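Q: Please take a close look at one part of this model, and walk me through the side chains there step by step.

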Amino acid sequence: MIFRSDEASVKANAAAEALRKQMQAEIVAALGETRAKEVERNDDYEFQQLRRLATRSELPADTAMKVYDLKEATEASTEKFEQNDQLTDEQRAAARKAIYAEAEKATQTLLGETAFKKYLSNPGVWLRNHN
């Protein structure tokens with residue numbers, strides 16, 4: 001087995017990331033922003049699990065998409081606070097806690113109590129691992 005040096009690994013990872021971004025840009029160019037996002041979401045393992053849970057729980061067809069979009073919006077909002085240099089660590093932590101608490105309530109409303117409990121055990125782990 002051949003092991004690469006750290007420098008070679010960094011270069012290989014950078015090349016792979018550049019290729020991934022190029023492929024994503026080509027997909028967007030070919031399909032448009034909305035359809036490309038849909039394709040990306042459908043390839044996401046967490047979304048697939050969420051969609052199966054929603055189907056098994058006999059929830060409306062768009063429930064998985066709503067929860068997934070909520071997850072993305074929550075992560076984007078949190079990232080904005082994390083990058084704000086004007087906030088203290090305590091303020092960032094408080095904002096993160098409030099954002100995720102609201103996301104948890106909204107997710108529970110969308111899924112209902114029974115499906116929500118199941119969701120938290122696997123694809124919904126993002127609601128618990130945000131500290």
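**A buried aromatic pair and its surroundings**

A: In this predicted model, Y68 has a relative accessibility of 9% and therefore counts as buried, since the limit for buried is under 20%. Y68 has an aromatic partner, F47, and the two rings are arranged edge-to-face, with 5.3 Å from centre to centre and 75° between the planes. The angle settles the name of the arrangement, because planes over 60 degrees apart count as edge-to-face. By the rule used here, the structure holds two aromatic pairs, and the pair of F47 and Y68 is one of them. F47 belongs to helix 3 (residues 45–56) whereas Y68 belongs to helix 4 (residues 63–82), so this pair ties together parts that lie 21 residues apart in sequence. F47 is also buried, because its relative accessibility is 4%.

The ring of F47 has a further neighbour, for the charged end of R41 sits over this ring, 5.2 Å from its centre.

Helix 4, which contains Y68, also holds a salt bridge between E75 and K71, whose closest N and O atoms are 3.4 Å apart. These two residues are four apart in helix 4, which means that about one helical turn separates them. The salt bridge between E75 and K71 is one of 10 counted by the rule used here.

Methods: Residues are numbered from 1 along each chain as its sequence is written. This is a predicted model: local features need pLDDT of at least 70, side-chain atom pairs count only at pLDDT 80 or more; totals for chains, interfaces and linings use all residues. Side-chain values use heavy atoms; hydrogens and water are left out. Rings of Phe, Tyr and Trp (its six-membered ring) pair if their centres lie within 6.5 Å; planes under 30 degrees apart count as stacked, over 60 as edge-to-face and the rest as tilted. Buried means under 20% relative accessible area, exposed over 50%, partly exposed in between (1.4 Å probe, protein chains only). A charge sits over a ring if NZ of Lys or CZ of Arg is within 6 Å of the ring centre and within 35 degrees of the ring normal. A salt bridge is a side-chain nitrogen of Lys or Arg within 4 Å of a carboxyl oxygen of Asp or Glu.
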